Amino acid sequence: MKIKDIVLQKTRFTLEEPFKVAFTTITGMESMIVTITTDEGITGYGEAAPFELVTGDTLDTVRSVGEFLKPELIGQDPRSINAIHEIMDGTIAGNTAIKAGIDIACYDIASKAAGVPLYRYLGGSHCDVESDVTIGIADPMHMAEKAVQWKNKGFGILKVKLGEDIKTDIQRIQAIRKAVGEDEILRVDANQGWTLKDTLNILPALEEVKVSLLEQPLKAWDIDGMKRLTAMSRIRIAADESCHSVYDAARIAKEHAADVVNIKLMKCGGILNALKINAVCESNGIECMVGCMGESSLANAAGMHLAAALTNIHYADLDSAWLLKQDKVIPGFRHQGGCAQLMEIPGTGCSVKEEEQ
């Protein structure tokens, strides 16, 4: 089987309301659908969703690098995914979003050729994944109201964005816990918004409201601070922006700088590199999460297949498709609240609506 063509198609999404995190406010999302056709008639779909402040690439660079890689990849066997990555990495450094889009499309083709859903192709046996849903930064009462709305929609795990001044952040998380009751699982993501001193000061309040996981409170580069925090905190500490590559994962493991690593396909360059990061973490007793950064159902479905396949992935933050006003991808899963069930369809199960192809 050989790659016949690679087509890039920009797609746009809007949010029901602006979504604020510690370092930016998001009003809409753009990504690139990657369609790979083969000489045997199998088509694979991937998605490249850059986030400039995290991945360092843009939709313009995704398109230009995708076109740059295209002649190098046409004629290659899409099932030889290690070779595909060697070609991409040997042609241009970085640019992980477009590499992830091509990687996902190749895994879609490979699992379609094998006649199995992607999670089974990756060695998994269970098709169910439970994800949290994220509440953006706002005033405490508004965040509490959103939390109740999501709880009423059947979501049992809430990921709460904090990372501003700790006094208001305490009010936010306390208002949410009071509104949703004791049974809801609460996770906090500070998106690098606090110092080590801030974090140590807010930990007792987070413990009091039974926060189960605290994600990336410190700057991405502050591995020493993350190490100290992980040793001192009774709440599990997750690294997100601190971990892009398998080499980052190895350093975090060596320094004991997190209890959990958040793997994002757009950060690391796709499923192949996600598997490597998980292997490093698992061999060092670190659990993993699969997260997202504004992708549609297509990349979210790829993340779900990864989470379903790997026993070391204990957390899923794959909610961006549920936050979109409209989705131009036909998803490969059904969901009730945060509980998704992957369809028993070869590949990711996703397809692209006709106007987007």
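Buried means under 20% relative accessible area, exposed means over 50%, and partly exposed lies in between (1.4 Å probe, protein chains only). This is a predicted model: local features need pLDDT of at least 70, side-chain atom pairs count only at pLDDT 80 or more, and totals for chains, interfaces and linings use all residues. Residues are numbered from 1 along each chain as its sequence is written, and side-chain values use heavy atoms, with hydrogens and water left out.

**Stop 1: G270**

Select G270. It sits in the loop between α11 (265-268) and α12 (271-283). Helices (H or I, at least four residues) and strands (E, at least two) are DSSP runs, numbered from the N terminus. G270 counts as buried because its relative accessibility is 0%. Now show its contacts (heavy atoms within 4.5 Å). Leaving out residues up to four places away in sequence, G270 touches A100, D103 and L265.

**Stop 2: α2 and α4**

Select residues 59-73 for α2 and 96-114 for α4. The two helices pack at about 50°, with axes 9 Å apart. Axes are lines fitted to C-alpha atoms, for helices over the stretch in contact, and angles run from 0 to 180 degrees between N-to-C directions. That angle makes α2 oblique to α4. Angles under 35 degrees count as roughly parallel, over 145 as roughly antiparallel, 65 to 115 as roughly perpendicular and the rest as oblique. Show the side chains next. V62, V65, G66, L69 and L73 in α2 meet A97, I98 and I102 in α4. By class, this contact has seven nonpolar, one polar and no charged residues. Ala, Val, Leu, Ile, Met, Phe, Trp, Tyr, Cys and Pro count as nonpolar, Asp, Glu, Lys and Arg as charged, and the others, Gly among them, as polar.

**Stop 3: α8 and α9**

Move to α8 (196-208) and α9 (223-232). They pack at about 15°, with axes 10 Å apart. That makes α8 roughly parallel to α9. L196, T199, L200 and L203 in α8 meet G225, R228, L229 and M232 in α9. The contact of α8 with α9 has five nonpolar, two polar and one charged residues.

**Stop 4: E215**

Finish at E215 in strand β8 (211-215). E215 is buried, at 2% relative accessible area.
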